[in-house]
Amino acid sequence: MDKDIYIKQQNKKFDVLVVGSGITGGWAAKEFCERGFNTLMIERGRVVEHRKDYITEGKPVWDYDNRSKVDNLLIEQQYKIQKDCYAFHDGTKQFFGNDRDLPYETTDGTDFRWIRANQLGGKSLLWHRQSYRMCEDDFLANKRDGVGNDWPIRYQDIADWYSYVETFAGISGSKENLPNLPDGEFLPPFAMTGPEKALKVAIEKAFPGRNLIMGRTAHLTEPSTLHISQGRVQCQSRNECQKGCSFGAYFSTQSSTLPAAAKTNNLSIAANSVVHSVIYDEKRNRAIGVRVIDNDDLSTREYFADVVFLCASTIGTTQIMLNSTSKKFPNGIANSSGVLGHYLMDHNYNARATGDIEGFEDEYYKGRRPSSCYMPNFQTRPELYRKGYLRGFAYGISTFRSDWRGKSQQDGIGSDFKQQLSSPGKWGVDFSAQGEMLPHFDNQMSLHPTKTDKWGIPLINFNVEYRENEKTMMDDAAEMGAEMLRAGGCTNVKSGTSYDLPHRAPGIAIHEVGTARMGQDPKTSVLNQYCQSHDIPNLFVTDGSGYCSSGVVNPSLTFMALTARAVDYCAKEIKAQRL
Amino acid sequence: MKATNLSQPQRRKFMQHLVRAMGVTSATALVYGSNLNVAMAYQVRSDKLDGAGQLFDKPTMQTLKHIVDTILPRTDTPSGAELDCHGFVDHQLFRCHSENEQQICLQIISEIEKHAMANFKQSFSQLDDKQQLELLKSIEAMKGFTQSQRNQFKFLKSLIVFGYFTSEQGAREILRYDPVPGGFSVIPLEEGDKSWGSLAYY
């Protein structure tokens, strides 16, 4: 990218500051830039240039020091927590945060896995790319159950924004016409295998209302002219996405929103800029800029603008807000309600069922499909709830033919064993539950009273637990998964749950949401339905912080839609001179 | 222009130009079809075959080498030791595994030695192929070995197999290797067809 785009010191005022460059930051910047606003994107980490900085892309396994595994000592010193992420290995570690420099605390008896990706592009480089719309019932769940506060928006409020972001980002999937998982604007879906089709038929027949479909994912199965104009080409099914993709075949800030924003010449980027706090003008009741500490040399600087968009990730944004104190807001900016930091949620990925599939021995696959199958939540409203707990879960469903990795665990020595290792084995299937986590006031992140990090910013303390509802739900999900596998004719069916701390603690689904929730009532919520803070009109939060309930689907697509909608609203408010 | 002799950053730049100029398929065929240069990686080394390792002393390496070749003997494809799986296990344990896991491997190798001496009055390395095979099979069958020793052996075995199929020859020649598949599709599988050696997660 053009070098002039990167700035450090800047005295002139911008129209908009966007704090963060991940999925939401990228969208906010693109939307503002395309509307003609002079926009500064602020990123705490280093610059990662598309293609140029994908340093492990295409590197074969035998070229790594330890065949893709990460050195013990390095993990001990720098990646003690990040190592628990499924995508962490020697080819991706450069995109994960360094646990030595980014410490945090947890309340005794609890644990939290905070996965960080502090660089330009943030977690958009590392995400799992599954992209689903929340459904009508999701937005009504809190109201119906009386748990948490009512969402100030309904599905219809963001349906068109889903369409808008899907068309641009490129989402592959199949139209299914399901009330519990609205269709979107889709590129062709990835193919299903024979065993997947057979399971689909058997399970859908045995359990009406449960559907097994192809996963919806932000990959260009058939790029449109819009995607080609972003410099992106068709997905090659390498499934090594988290190393970075020079084809731009999956949606990331680098592949999609950043080139679009840069093309307008309205974008500047301040990298290595750790935002300490928001600068607040009490007289005018406006956010006027941010205080920044340099990531490398710890020097300080400030950036100013008419509007501030916080897109620094749920936890990152709320840390900044809690650390932005003033006479009017002693407990964090825009926190007159006192709920800032509370109601932290993640998804619950702690139940699994697995089995073997008989037959299909003459079928194999070519390519590493960067997606799997999916069963949307079929317990979206009270009359559909199962006994003993509220709400529901989805399943990520993958099938595969076993290879040497699984077979190496089996009995066998000698030439026959060796022969077996190199040929495809039985088909297997894995149902992994993805459960909703209820909003709970006591699931909280707060600032440590004395400890600070190397930038002088107070450490976060997490006090978050999976509670009775989540655990009962996962027990049921494991059992139901096994029941469906048996109905699908599977053998050797096994199922179970795991809450082993710290590895399976909240945070490990990397879907953290809540902490600055939206709501109609300024007394009990931080943001209104447009992600605008109730207290300060020109301060917006468009990442996951605003969630009222976690829902069940992967949240990134909703972050995109909420962000695009918030920018549209904000731009209109600016024009009407109300900000 | 040939991609063969390019360094890693050069290769990326090269690829980027090719993608723009020629489209995806021809660009990747050129780049990934070539030999990529190797810097720091663990290397299959023939001179390691008879020496001491980082974790294992020379006699232990000798025993391990024979264990490797009993589990993965030479057939129409190279044996485990020919791909230096014992050298790999030593390296990997030293670099990526806990002390406990290192101990597990040391213990089971020493146990195998003890059994060889007790039953055949010879070191495992000196037994003939059939005796070596019988001894290792008796671990998995738990004849004269405990469940815990069986588990130790399974761990060592999985490391050996990992080393074999993540070596260049193992992944690329013994299995089918396709770094840029170009898409996902269902294909028929015929008798004798190999698994994919190109995987997203190892």
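Predicted model: local features only at pLDDT ≥ 70, side-chain atom pairs only at ≥ 80, totals over all residues.
**View 1. Chain A meets chain B.**
Let's start where the two chains touch: 53 residues from chain A and 53 residues from chain B take part in the contact. On the chain A side, strand 12 (363–366) and helix 10 (415–421) each contribute at least two residues. Strand 12 of chain A gives the largest share of that side, with 4 residues. Sorted by class, the side of chain A that touches chain B holds 17 nonpolar, 18 polar and 18 charged residues. Strand 12 of chain A also pairs across the contact, running antiparallel to strand 1 (residues 185–188) of chain B with 4 bridges between them. To find your bearings in this pairing, look for Lys366(A), which stands opposite Ser185(B).

**View 2. Two helices cross in chain B.**
Two packed helices are described by the angle between their axes and the distance between the axes. For helix 3 (residues 58–71) and helix 5 (residues 99–120) of chain B, the angle is about 85 degrees and the axes are 10 Å apart. This angle makes helix 3 of chain B roughly perpendicular to helix 5 of chain B. Helix 3 of chain B brings Thr60(B), Thr63(B), Leu64(B) and Ile67(B) to the contact, while helix 5 of chain B brings Ile109(B), Ile112(B) and Glu113(B). Together, the residues of this contact divide into 4 nonpolar, 2 polar and 1 charged.

**View 3. Helix 11 of chain A and its surroundings.**
Helix 11 (residues 468–487) of chain A has 20 residues and reaches 29 Å from its first C-alpha to its last, close to the expected 28 Å. Among its buried residues are Met473(A), Met474(A), Ala477(A), Met480(A), Gly481(A) and Met484(A), and you will also find the buried Glu470(A) and Asp476(A) here. The buried residues of helix 11 pack against helix 5 (194–206) and several strands of chain A, including strand 14 (393–401) and strand 15 (427–435). Just after helix 11 of chain A comes Gly489(A), with a positive phi of about 85 degrees.

**View 4. An open sheet in chain A.**
Six strands of chain A form an open sheet in the order 6-13-14-15-11-18, with antiparallel pairing. Strand 6 (213–214) and strand 18 of chain A are at the edges with a single partner strand each, so one side of each has no neighbour in the sheet. Helix 5 of chain A packs on the sheet and touches strands 11, 13 (373–375), 14 and 15 of chain A; its direction makes about 60 degrees with that of strand 15 of chain A. Strand 18 of chain A pairs with strand 11 of chain A in the antiparallel sense over 5 bridges. One handy landmark is Asp356(A), whose bridge partner in strand 18 of chain A is Thr491(A).

**View 5. Around Asp306(A).**
Asp306(A) sits in strand 10 (residues 300–310) of chain A. Asp306(A) is partly exposed, with 18 other C-beta atoms within 10 Å. Apart from its neighbours within four places in sequence, Asp306(A) is in contact with Asp15(A), Asn538(A) and Leu579(A). Ile333(A) is 27 residues from Asp306(A) along the chain, and their C-alpha atoms are separated by 17 Å.

**View 6. A hairpin in chain A.**
Strand 16 (residues 444–452) and strand 17 (residues 458–463) of chain A run antiparallel and are joined by 5 bridges. Thr452(A) has Pro458(A) in strand 17 of chain A as its bridge partner. The hairpin has 5 residues between the strands, and in this hairpin Gly456(A) takes a positive phi near 80 degrees.

Definitions and conventions:
Residues numbered from 1 in each chain as written. Chains lettered and ligands numbered in written order. Contact = placed C-beta atoms within 7 Å. Nonpolar A, V, L, I, M, F, W, Y, C, P; charged D, E, K, R; others polar. Pairing = 2+ DSSP bridges. Axes fitted to C-alpha atoms, helices over the stretch in contact; angles between N-to-C directions. Parallel < 35°, antiparallel > 145°, perpendicular 65-115°, else oblique. Expected span 1.5 Å × (residues − 1). Buried ≥ 20, exposed ≤ 12 C-beta atoms within 10 Å, placed from the backbone.
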